[in-house]
Amino acid sequence: MRIIPDIHDLRDDMKRWRRELHQYPQTSYQEVFASDFITEKLTMWGIPFERNLAKTGIVATITGQTNTSGKTLGLRADMDALDITEQTGLPHASRYPGKMHACGHDGHTAILLGTAHYLQKSRDFNGTVHLIFQPAEESGAGAVTLIKEGLFDRFPCDYVFALHNWPWLEAGKMGTRAGALMASSDEFTITITGKGGHAALPHKTIDPVIVAAQIIQSSQAIISRHINPLDQAVISMTNIRAGTGASNIIPDTAHISGTVRTFRQDLRPLIKKHLEQIVCHTAQAFGAQATCDYIFDYDVTVNSPEGVAQAIVAASDILGAKNVMADYEPTMGAEDFGAMLRVSPGAFVFLGQGVPSHPDSPHNAGLHTPGYDFNDDILPIGASYFARLVERYLTPTAQS
Ligand SMILES: [Zn+2]
Ligand SMILES: [Zn+2]
C-alpha cells in the first residue's frame with residue numbers, strides 16, 4: 001500500500017469530516033448540510049466553486065501549477081442518504097430520525113474533500129480538475145439533472161471518474177471492468193381494470209387478479225424467449241395490490257409494479273415493448289383493460305476502455321497491481337454515474353471496504369442496511385487513488 005504521504009497525514013481530518021457528515025444525513029435534493037459543509041471547506045482552502053447546481057450540487061475547480069496541456073478531468077462524489085433508521089448504535093450514528101447514510105456517500109464526499117485539499121496544496125499537475133459533488137444519486141437522478149443544467153458544457157471533462165465503497169470486497173482492494181459494470185434500472189406500474197363482484201359469482205365479473213397472475217407469469221418469457229441467452233436482463237414484479245381484504249369480493253382493479261435491469265442500453269426499449277404487449281393483450285383476452293406506465297430511469301454504467309486503463313494504473317500505484325481486479329464481476333444494481341459515462345468517457349470502480357477477519361464488522365454489512373457503516377480506513381485510499389488519476393493523466397509535462 002502506497003498512500004500519498006500528504007493524504008496519509010490528512011486521514012484523521014477526513015475521518016472527522018466523514019463522521020460529521022454521517023450524523024446529518026439528508027435524502028435526494030435535500031442535502032443542505034453536506035452542501036454547506038463542503039462549501040465551507042472549499043472556501044477555507046481557497047478553492048473556487050459553483051453551488052446550487054441541481055439544487056444542492058457543487059462543482060469545484062482546481063487548476064494545476066501549469067495549465068498548458070488543455071486537458072481536463074472530472075472526479076465525482078455523491079452526497080445523499082436514504083430513508084432508513086440506523087441501527088449501528090455507533091457514537092457518530094445519524095441524528096436525523098429515519099434518515100441514514102447507509103450507502104457510504106458520506107465517505108465518498110469525505111474522499112473527494114480530501115482529494116481537493118491535497119490537489120489545491122500541491123497543484124502538481126498540468127491542466128484542470130473539476131470536483132463534482134452530486135446530489136440525488138439514490139433517487140431523483142441528480143447526475144441527469146446536472147447534465148441537463150449544462151454540467152459538461154460549463155465544466156468540460158476529457159474523462160470522469162467515480163468510486164463506490166464495496167462491502168463485499170476486502171479493504172485494500174479495488175475492482176472494475178471495461179464495459180458494463182452496473183445495470184440500467186427502469187420502473188413500471190401496471191393497472192388492470194376489470195369488473196368486481198361477489199366472489200361466489202365469478203361469471204358475473206371480470207377478475208383483474210386472474211389477469212394480474214397471467215401477466216406476472218407471461219412476463220418472465222420476455223427474458224427467456226426474447227432476450228439472447230448470452231445477454232442478461234431481469235424483470236422483477238415486486239408489488240401486487242388488489243382487493244379490500246375481504247375473501248368474498250372480487251375487486252375492480254389490480255396493480256403491479258416492479259423493476260427491469262439489464263446491461264445493454266438497447267434492450268431497454270425492447271423489454272418495454274414486450275411488457276406493454278403482454279399487459280395489453282392479456283387484459284384484452286380476459287375482457288379487461290390494462291395500462292403499463294414504464295419509466296426509463298438509470299442508465300447502464302458503462303466504463304470506457306481508456307478510462308478503465310487509467311483507473312487500473314492509478315489504483316495499482318496505490319494498492320499494488322495484485323490488489324486491483326481488472327475484470328471484476330458486474331452487478332445488477334444501478335448507479336446514477338452511468339448517465340455521466342454516457343456523455344463522457346471514464347470509469348466507475350468498486351473500492352473494497354470489507355473486513356473479512358471481523359465477520360460482525362459494520363463495514364461488512366450490505367449497502368442500504370441499517371447496520372452498515374462506512375470504513376474510515378479506506379478514506380486515504382480513495383483520495384490517493386483520485387489524486388493519482390489526476391497526476392497520471394495531467395502529468396506536469398503533459399502537452400496538448
Ligand atoms: Zn445506494
Ligand atoms: Zn451508493
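This is a predicted model: local features need pLDDT of at least 70, side-chain atom pairs count only at pLDDT 80 or more; totals for chains, interfaces and linings use all residues.

## Contacts and overall form

Of the 400 residues in the protein, buried residues make up 48%, and the secondary structure comprises eleven helices and 16 strands.

The C-alpha trace spans about 80 × 45 × 40 Å along the principal axes of the protein. The radius of gyration is 24 Å, which agrees with the value near 21 Å that a compact globule of 400 residues would have.

## Two domains

The domain assignment divides the protein into domain 1, made up of residues 5-178 + 304-393, and domain 2, which covers residues 184-298. Taken over C-alpha atoms, the centres of domain 1 and domain 2 are separated by 38 Å.

Contact between the two involves seven residues of domain 1 and six residues of domain 2. On the side of domain 1 that touches domain 2, four residues are nonpolar, one is polar and two are charged.

## Helix H2

Helix H2 runs through residues 11-23, and its 13 residues should span 18 Å at 1.5 Å a residue; the end C-alpha atoms are 19 Å apart, which agrees. Its buried residues are Met14, Trp17, Arg18, Leu21 and His22. Because the buried residues of H2 fall within an arc of 135° when seen down the axis, they line one face of the helix.

The partners against which these buried residues of H2 pack are helix H3 (32-44), helix H4 (105-122) and helix H11 (379-393).

## Helix H7

Helix H7, formed by residues 208-226, has 19 residues and reaches 26 Å from its first C-alpha to its last, close to the 27 Å expected at 1.5 Å a residue. Within H7, the buried residues are Pro208, Val211, Ala212, Ile215, Ser219 and Ile222. These residues lie on the same side of H7, because they cover an arc of only 95° around the axis.

Gln217, Ala221, Ser224 and Arg225, on the other side of H7, are exposed. The cover over the buried residues of H7 includes strand S7 (179-193), strand S9 (233-242), strand S11 (253-262), helix H8 (267-285) and strand S12 (289-298).

Note on methods: Residues are numbered from 1 along each chain as its sequence is written. Chains are lettered from A and ligands numbered from 1 in the order in which they are written. Helices (H or I, at least four residues) and strands (E, at least two) are DSSP runs, numbered from the N terminus. The expected span of a helix is 1.5 Å times one less than its number of residues. A residue is buried if 20 or more other C-beta atoms lie within 10 Å of its own, exposed if 12 or fewer, and partly exposed in between; C-beta atoms are placed from the backbone. The arc is that of the directions from the helix axis to the C-beta atoms. The radius of gyration is taken over C-alpha atoms; the globule rule is 2.2 Å times the number of residues to the power 0.38. Domain bounds come from an automatic or database domain assignment. Ala, Val, Leu, Ile, Met, Phe, Trp, Tyr, Cys and Pro count as nonpolar, Asp, Glu, Lys and Arg as charged, and the others, Gly among them, as polar.
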